[in-house]
Amino acid sequence: MRWSDGVRWIDKLSLRLRTVFLRERIEQELSSEFQFHLDQQIAENIAKGMSREEARYAALRAIGGISQIQEQCRDARGLNFFETTLQDLRYAIRNLRHAPAFTAVAVFSLALGIGANTAIFSLIDSFLLNTLPVRSPQQLFFFRTNRVKVGHFMVSHTLLNRDIDLMLQRATQAQGIASFQEVSRLSVAVSGHAELSPGEFVSGAYFDVLGVPAYLGRAMVPADNLRSANGGRGWPAMISYGYWQRRFGGTANVIGSAVDINTIPFTIVGVMPPAFSGIALDEPADLVMPMITQAQVEAGSASAGFPKPDNSAGMPFLRLKPGASPQSAAAELTVIFHDAEAAAATNNPRKDEIARRFIELDPAHRGTSGLRSRFSEPLQALMAVVAVVMLIACANIASLLLARSNARRREFAIRLSLGCSRGRIIRQMLTESLMLSVIGSAAGVIFAFWARTLIVRIATSGQPYSPAFLMHWDLRLLAFLSAICVLNALLFGVAPAIRATRVDQNEALKSGQAAERASRLPFGRVVVTGQIALSLTLVIGAGLFLATLRKLYQANLGFNHDNLLMLTLDPHLTGYQGERSTALLEEIMQRVRAIPGVKSATFMNEKPFTGRAYLTSAVIPGYVPKPGEDLANNWTITYLVGPRYFGTLQMPLLAGRDFDDRDTTSMPKVAILNETMARHYFGDRNPIGQRISFDLKKGARPDVEIIGVVRDARYFDIDEDHQDAIFTPLEQSASRNDSQAVSFAIRTAADPDRMAADVRAALRSIDANLPLYDFTTMNQQVQSTISQQRMMAMLSGFFGLLALTLSAIGLYGVLAYSVSQRTGEIGVRMALGANRGRILQMILGETGQLLGIGVIVGLGMSFAATRLIKTMLYGVTPDDPRSFLFGSLILVLVGVCAALLPARRAVSIEPMEALRYE
């Protein structure tokens with residue numbers, strides 16, 4: 001670029017900047033310059049002998065139209081678009097300020113619609129779109145053996161340490177392999193003060209494979225997973241950024257601090273980055289420990305030793321090498337898995353079943369989340385619902401803008417007559433629409449924060465949730481909000497803007513009202529009909545979800561869930577092992593049963609409706625499998641329970657007896673089946689007294705006697721199908737582990753919430769350091785299992801009500817406009833003898849037409865849409881006639897109510913006043 005061109009470009013830029021920021025001064029300079037040229041020309045004309053008046057007129061003719069030339073100069077600056085946009089903005093703000101009722105209704109409608117869309121999208125962003133804050137997350141994959149459906153579960157063969165060790169040696173498609181294991185309760189003592197915290201056991205390559213550096217100190221390395229890592233000061237451990245701030249005050253000297261985790265000494269070597277708290281998102285880890293310490297920490301004793309080759313490897317994951325495919329990696333790992341198991345399965349009764357297993361890879365870039373799998377489908381359904389609400393809101397505002405533009409027909413006709421282009425008017429009206437959308441979006445963001453928090457609380461049943469699910473402003477969310485803002489402005493602004501310019505200037509400028517009456521807003525009627533149809537779809541959907549929730553509340557759970565207090569205790573966290581743990585349980589039972597108001601108490605390994613249970617394989621002598629039944633996968637849900645379990649839960653026994661205090665380790669082993677399992681394996685035979693075995697080895701002696709059959713119950717979800725279940729005494733179970741938490745069920749005579757303090761005091765009197773948690777009632781536990789359905793029922797009901805309200809406003813607006821425009825016609829009809837009943841019939845007939853068409857279209861849309869939510873319903877069909885009927889009746893009732901005020905206004909018109917108005 002030449003020097004002169006550069007100087008010219010700088011001069012233009014300087015002029016444009018001065019025009020923007022010094023507009024008045026530039027305009028004064030422009031006016032002064034033209035005045036100077038005019039004065040010069042006048043002086044020359046006077047010198048030629050003209051009078052001053054003649055000289056002025058001659059100068060003006062010679063120069064030309066000064067205003068037009070000034071406009072050309074302004075255009076030459078290149079800022080005409082910017083200046084006219086500012087004018088449009090000022091004009092739009094002035095118009096909105098002068099119509100406060102219209103602005104308030106429009107902004108409120110947009111705030112609800114945009115806020116709901118933003119809230120749901122932000123949840124989808126957190127649950128379904130966000131990736132882990134790690135290096136190249138798309139290359140991360142979980143791997144496991146293929147899953148087989150067993151009752152309520154999809155079960156896969158657990159990968160063991162020996163499998164992972166061989167994969168680390170031989171895998172060529174993976175850049176790295178690591179694993180982790182969540183633990184929800186750890187007793188972490190700092191300077192002698194203990195608190196419960198969640199954590200993770202991780203393999204040595206965990207942070208290297210993820211590509212996550214330490215925020216402070218160092219990350220854990222493979223050497224930390226060796227026996228030599230405990231160099232006298234304790235095992236190395238890392239803590240999360242949040243835990244560092246909360247427990248250690250964010251001090252830099254935290255590195256090297258000593259902590260005791262379940263009485264095992266550890267030394268903090270690093271702090272994880274603020275954005276990373278582990279792969280599990282539902283309960284982020286406060287502490288991360290080497291996998292080699294898992295046995296000692298879980299047992300709370302260094303004598304527990306170290307992991308063995310046949311122990312579970314936790315949840316393994318890998319990072320693929322560049323260019324490697326998940327399919328080739330899975331095939332390679334399958335071969336290695338079979339080799340590892342074949343070398344060890346010399347006497348494994350399941351070796352044939354294991355040989356049929358293969359490795360599958362699942363994307364790991366979003367981490368693990370039970371909430372994600374549980375609420376992904378409802379969130380997608382809610383996204384569709386709020387999108388429909390947004391359409392209804394836009395249609396409503398479009399109707400209001402159409403009415404406003406029709407009232408401004410004379411203004412637009414004058415502007416067009418004076419030379420204003422149609423494009424300029426459209427642009428000005430779209431600017432007004434965009435201003436409405438921007439204001440509505442700003443108000444919607446405030447609503448979105450509140451709505452999002454409410455939705456998450458409903459989804460998590462009020463329990464604490466991961467910071468990963470907090471509302472974060474990222475580029476996706478900002479792009480979504482910007483897009484929806486512009487899209488809304490176009491949706492409700494384009495039609496009124498185009499229609500405003502299609503005006504007959506001659507007719508609009510006539511003084512009479514006939515031309516204005518000629519416009520009956522046909523487009524507005526179409527919009528209202530569409531609103532009615534969409535609203536009916538939402539109302540029917542809400543009715544189906546409400547019916548589902550009602551059916552779930554009415555479902556028979558198989559036991560009495562009222563007046564049942566639940567709590568969990570983990571004795572090993574404070575050093576209780578073996579006989580001390582058994583004695584502690586006995587003492588707890590004695591103390592609790594002695595509390596006034598306690599009718600009965602028992603304990604168990606897992607509470608109902610937590611989604612957890614043991615799976616065991618029961619061998620029933622003489623049982624002949626049914627065609628297609630694979631006994632290699634005969635996993636059975638197994639609960640380890642205490643004495644008087646069924647009596648406390650009031651779960652009816654169909655035959656036999658309940659467990660009692662005699663069912664100890666020194667007595668013969670016993671078990672109780674549910675009726676589905678008894679029917680499955682024994683048919684019409686009486687199972688009482690029969691013996692079964694949990695040993696799969698051939699020739700193993702059945703050593704467990706069946707002493708009872710209990711009625712089927714719901715164990716995981718209210719809507720689950722009945723499935724095989726077996727109950728055994730906790731003290732007799734070979735699966736019992738001192739490191740396992742124990743849950744208690746306490747049947748009370750009064751409100752169980754009021755008994756919680758007495759129970760807590762009784763347990764504290766035994767040992768003030770007992771780690772007690774999860775105090776809840778069984779009713780609350782049941783409520784948490786239907787949080788998905790409750791969320792859908794509550795939110796769909798709210799949005800259905802909102803859609804009805806918006807549709808009623810739209811219908812009212814169209815009818816009110818119609819009545820105002822037909823004032824003269826109504827006056828003529830009444831002057832010619834039409835009574836008020838006839839006028840009322842005419843208005844309500846118009847309402848009936850709109851409602852009738854809307855309902856017919858809405859029923860068709862609902863019939864198709866409800867098929868998409870079939871899997872989310874329980875106890876009702878997608879075409880439930882009551883939901884369709886009640887939804888239609890509610891919509892018609894709301895529509896008639898919306899029409900009453902315009903109808904009342906129509907029948908109150910005085911004929912003489914109407915004719916005078918005409």
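The following conversation goes through a predicted model of a protein chain.

Q: To start, how many helices and strands are there in the protein chain?
A: This predicted model has 29 helices and 23 strands in the protein chain.

Q: And what share of the residues is buried?
A: Of the 918 residues in the protein chain, 51% are buried.

Q: Which residues of α20 are buried?
A: They are Ser581, Leu584, Leu585, Ile588, Met589 and Val592.

Q: Where do those buried residues fall, seen down the axis of α20?
A: They fall within an arc of 135°, so they line one face of the helix.

Q: Why would residues three or four places apart point the same way in an α-helix?
A: An α-helix has 3.6 residues a turn, so residues with that spacing point the same way.

Q: Which exposed residues sit on the face of α20 turned away from the buried side?
A: That face carries Glu579 and Gln590, both exposed.

Q: Staying with β14, how many of its residues are buried?
A: Six of the seven residues of β14 are buried, and the strand is mostly covered.

Q: Do β14 and β22 run parallel or antiparallel?
A: They run antiparallel, and six bridges join them. In this pairing, Val598 stands opposite Thr748 in β22.

Q: New topic: where is Thr616, and is it buried or exposed?
A: Thr616 is in strand β15, residues 614–617. With a relative accessible area of 15%, Thr616 is buried, because the cut-off for buried is under 20%.

Q: Which side chain does the side chain of Thr616 join through a polar contact?
A: It joins the side chain of Thr638, in a polar contact of 2.4 Å.

Q: What else is Thr616 in contact with, leaving aside neighbours within four places in sequence?
A: Besides Thr638, Thr616 is in contact with Asn634, Trp635, Thr636, Phe694 and Ile726.

Q: What about cysteines: how many disulfides are there?
A: The count comes to zero disulfides. A disulfide is a covalent bond between the sulfur atoms of two cysteines. As for individual cysteines, Cys485 is buried at 9% relative accessibility, whereas Cys897 is partly exposed with a relative accessible area of 47%.

Q: Last topic, backbone angles. What is phi of Thr263?
A: Phi of Thr263 is near 75°, a positive value in a residue other than glycine. Most residues other than glycine have a negative phi.

Q: Where is Thr263 found?
A: Thr263 is in the loop between β8 (258–261) and β9 (264–271). Its relative accessible area is 44%, and Thr263 is partly exposed.

Q: And what is phi of Asn563?
A: Phi of Asn563 is near 55°, also a positive value in a residue other than glycine. Asn563 lies in the loop between α19 (522–554) and β13, and is partly exposed with a relative accessible area of 30%.

Methods. Residues are numbered from 1 along each chain as its sequence is written. This is a predicted model: local features need pLDDT of at least 70, side-chain atom pairs count only at pLDDT 80 or more; totals for chains, interfaces and linings use all residues. Side-chain values use heavy atoms; hydrogens and water are left out. Buried means under 20% relative accessible area, exposed over 50%, partly exposed in between (1.4 Å probe, protein chains only). Helices (H or I, at least four residues) and strands (E, at least two) are DSSP runs, numbered from the N terminus. The arc is that of the directions from the helix axis to the C-beta atoms. A polar contact is a pair of N or O atoms within 3.5 Å; within protein, one must be able to donate a hydrogen and the other to accept it, and residues adjacent in sequence count only if both atoms are side-chain atoms. Contact means heavy atoms within 4.5 Å. A disulfide is a pair of cysteine sulfur atoms within 2.5 Å. Two strands pair if DSSP finds at least two bridges between them.
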